[in-house]
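The sequence and structure come before the numbered points.

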Amino acid sequence: MQRAVRPHRKRSFGWGYKALSAGCRRFLWNKMLSMNLQRLRDKQLIMRYNESAWWLTFWKKSDEFGFLATAQSQVLQQCLKDLDRAFSDGFDRKQPLKRTPQFKKKGMGDSFRFPQSIRLEGSSVFLPKIGWVRMRLSREIEGSIRSATVSRRGKHWFVSILTAIEVAEPVHELSTAVGIDRGVVNLAVLSDGSTFEGSKPLKRLARKTKFSNNWMRQRERITRLHIKIADARNDAIHKATTIISKSHAVIVLEDLRTKNMTASAKGSLDEPGSKFRQKAGLNRSILDMGWFEFGRQLEYKQRWRGGQVILINPRNTSRKCSDCGFTDKVNRPSQAQFSCMACGHSENADVNAAKKHSGGRACR
């Protein structure tokens, strides 16, 4: 048996304490991060959780930072633990994406977490120092409650309940394998010919006149619009990944480094980049599709179902023939068409690439 931990999101609610808690957590994160970055510049060891907790206790008793005492103590302790883990991940060579923790901005990613003392009763949830709050369940709660995270999206606040349940070791009910090619025209093209278009919400936004009176009338309206954009993208990705995960036990994907692929092409004053406007458009299309989120969802959904996701080197996959293996850039005369100059094999370029991803595994 293995323990599965899954989040349960709830309908938004409001009370005055939420902004204060989020603000205290953001201040503590930025303050401690600034001190650790200064230590790194001075070639000193960074503060780990125990030393950071000592500073938190000291600040809560001080006149300058005494406002921190108004926040629930475990919320701030969880903040320090998150920062400690972020630094550990940043220096971990085994982590695929290593980077220094970033400063947090007001209104962006505001959240705080309660690790215990959460209770549910009917349509209400009890949160420490906040009390009972009415809510609307998005799904039934299963398993034992482990934590509750309060987060803000636009002007609304949500609470996500994390629970743990015992489940049997999953075994996928199918044995089929499929290769997937991600693109900017289609979200995903499978080696069996199936196509998932994606929502392309940013492309729809581009049809509006930028900075017009209607576009700029209210900052809140723009915020709501971007939330709808994110929801539309996430909805399309969830639907596609659920269908693919249910239909195939083995999924083969290119190991794409989205962060590197969407880096700016502007360069520097000494070495200016070229065609950076075209590159900016390509970056926007890649991010609009949500390639990283698509791969992330496939991986955890396959784990839930007992399936597998295999990542392969993406080099030359768009130029290599799925029939004979001949590789040359002339094989792809256009974005949509693939025509092998060696064996004459011809088909949609994305389907050919997806077949190469599958590595010859049958799609039964």
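This is a predicted model: local features need pLDDT of at least 70, side-chain atom pairs count only at pLDDT 80 or more; totals for chains, interfaces and linings use all residues.

1. R39 and E51 form a salt bridge, with their closest N and O atoms 2.8 Å apart. This pair links distant parts of the chain, R39 being in helix 1 (residues 17-41) and E51 in helix 2 (residues 49-60), 12 residues apart. R39 is partly exposed at a relative accessible area of 22%, and E51 is likewise partly exposed at 33%.

2. A salt bridge also joins the side chains of R48 and D84, at 2.9 Å from N to O. R48 belongs to the loop between helix 1 and helix 2, whereas D84 is in helix 3 (residues 73-90), so the pair ties together parts 36 residues apart in sequence. The relative accessibility of R48 is 38%, which makes this residue partly exposed.

3. In the pair E142 and R139, the side chains meet in a salt bridge with an N to O distance of 3.8 Å. E142 is partly exposed, with 42% relative accessibility; R139 is partly exposed as well, with a relative accessible area of 36%.

4. Beyond these pairs, a network of salt bridges links R25, D82, R85 and R113.

5. V330 is partly exposed, its relative accessible area being 45%.

Technical notes: Residues are numbered from 1 along each chain as its sequence is written. Side-chain values use heavy atoms; hydrogens and water are left out. Buried means under 20% relative accessible area, exposed over 50%, partly exposed in between (1.4 Å probe, protein chains only). A salt bridge is a side-chain nitrogen of Lys or Arg within 4 Å of a carboxyl oxygen of Asp or Glu. Helices (H or I, at least four residues) and strands (E, at least two) are DSSP runs, numbered from the N terminus.
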